[in-house]
Amino acid sequence: MFNLVATGLSAVALLVTLYSAVSQTGLQLRSNQLPALDLLADFRSAEFHERYSFVTQRLLAEYDPALGLSGLPNDVRRQVYDIVYYYQNIGVLRLADIVDDEMVALLRIRVVKVWEAVAPFVLREREVMGTDGRYLLRGLEDMAHEARHMPQDIIDQLMHVSRTQRAWRRRRASLRRPAALRQLTAPRVPPAEE
């Protein structure tokens, strides 16, 4: 009898430990996404969108790619760096498995447009830097290549999973709220006196 109780308690302890480990893993994954959330804050800025428009619509028309990045005027170079390193950072976070393919699916058109606009400048800058420059903005280049070649069915699947997960979280939260409210508003029954 004692062995059965000990075995049962061990099994319960194992299940509690497994549950804690799985919960901890989920928390860790969510905490790794905090840098990505910081990056997304820039999207609320009108200045960010103005710089993006300049880079994707006017840079190639107004400046010679033979200048490379370092040959651009300071104010122009600052705008270009703000945009390219924004997307470069997302690419780096993706390589580190902090953000996933869903981010590429969401930003795919923007990433491709940015790379198309700056590629001649970056390639020239790599030439100017010599062999050490071959990795300049490589994360952005790779992410743009993957975004350009991401099949539409994969994009649709990623977006559907994202919507499904968000809907499930909302449903789960809405189910918890009434139960919590019932618990808070339930009449309190005083303990029975003996």
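Me: Buried means under 20% relative accessible area, exposed over 50% and partly exposed in between (1.4 Å probe, protein chains only). What share of the protein is buried?

Reply: Buried residues make up 28% of the 194 residues. This is a predicted model: local features need pLDDT of at least 70, side-chain atom pairs count only at pLDDT 80 or more, and totals for chains, interfaces and linings use all residues. Residues are numbered from 1 along each chain as its sequence is written, and side-chain values use heavy atoms, with hydrogens and water left out.

Me: OK. How many helices and strands are there?

Reply: The protein has 7 helices and 0 strands. Both are DSSP runs numbered from the N terminus, helices being H or I with at least four residues and strands E with at least two. Along the sequence the pattern reads α-α-α-α-α-α-α.

Me: Let's take α4. How many residues does it have, and how far does it reach?

Reply: Helix α4 has 22 residues, and the stretch from its first C-alpha to its last is 30 Å. That is close to the 32 Å expected at 1.5 Å a residue, where the expected span is 1.5 Å times one less than the number of residues.

Me: Which of its residues are buried?

Reply: In α4, the buried residues are Val76, Arg77, Val80, Ile83, Val84, Tyr86, Tyr87, Gln88, Ile90, Gly91, Leu93 and Arg94.

Me: Two tyrosines in that list, Tyr86 and Tyr87. What ring cluster are they part of?

Reply: Ring pairs link Tyr86 and Tyr87 with Phe48 into a cluster.

Me: And how many aromatic pairs does the whole structure have?

Reply: The search finds 5 aromatic pairs. Rings of Phe, Tyr and Trp (its six-membered ring) pair if their centres lie within 6.5 Å, and planes under 30 degrees apart count as stacked, over 60 as edge-to-face and the rest as tilted.

Me: Why is the pair of phenylalanine 48 and tyrosine 87 called tilted?

Reply: The planes of phenylalanine 48 and tyrosine 87 stand at 50°, with the ring centres 6.4 Å apart, so this pair is tilted. Phenylalanine 48 belongs to helix α3 (residues 46-62) and tyrosine 87 to helix α4 (residues 74-95), so the pair ties together parts that are 39 residues apart in sequence.

Me: Phenylalanine 48 and tyrosine 87: what are their relative accessible areas?

Reply: Phenylalanine 48 has 2% and is buried. Tyrosine 87 has 0% and is buried too.

Me: What about tyrosine 81 and tyrosine 85, what kind of pair do they form?

Reply: Tyrosine 81 and tyrosine 85 make an edge-to-face pair, 5.7 Å centre to centre with 70° between the planes. Both tyrosine 81 and tyrosine 85 sit in helix α4, 4 residues apart, which is about one turn of the helix.

Me: Is tyrosine 81 buried or exposed, or in between? And tyrosine 85?

Reply: Tyrosine 81 counts as partly exposed, at 30% relative accessibility. Tyrosine 85 is partly exposed as well, with a relative accessible area of 32%.

Me: Where does leucine 137 lie, and how accessible is it?

Reply: Leucine 137 is in the loop between α5 (101-129) and α6. Its relative accessibility is 2%, so leucine 137 counts as buried.

Me: Which residue after α4 has a positive phi?

Reply: That is aspartate 97, which follows α4 and has a phi near 60°.

Me: Now the loops. Where is tyrosine 63?

Reply: Tyrosine 63 lies in the loop between α3 and α4. With a relative accessible area of 22%, tyrosine 63 is partly exposed.

Me: How far is tyrosine 63 from valine 76?

Reply: Tyrosine 63 and valine 76 are 9.5 Å apart in space, C-alpha to C-alpha, and 13 residues apart in sequence. Valine 76 is one of the buried residues of α4.

Me: Last one, proline 151. Which loop is it in?

Reply: Proline 151 is in the loop between α6 and α7 (152-185). Its relative accessible area is 41%, so proline 151 is partly exposed.

Me: And how far is proline 151 from alanine 105?

Reply: From C-alpha to C-alpha, proline 151 and alanine 105 are 9.9 Å apart in space, while 46 residues separate them in sequence.
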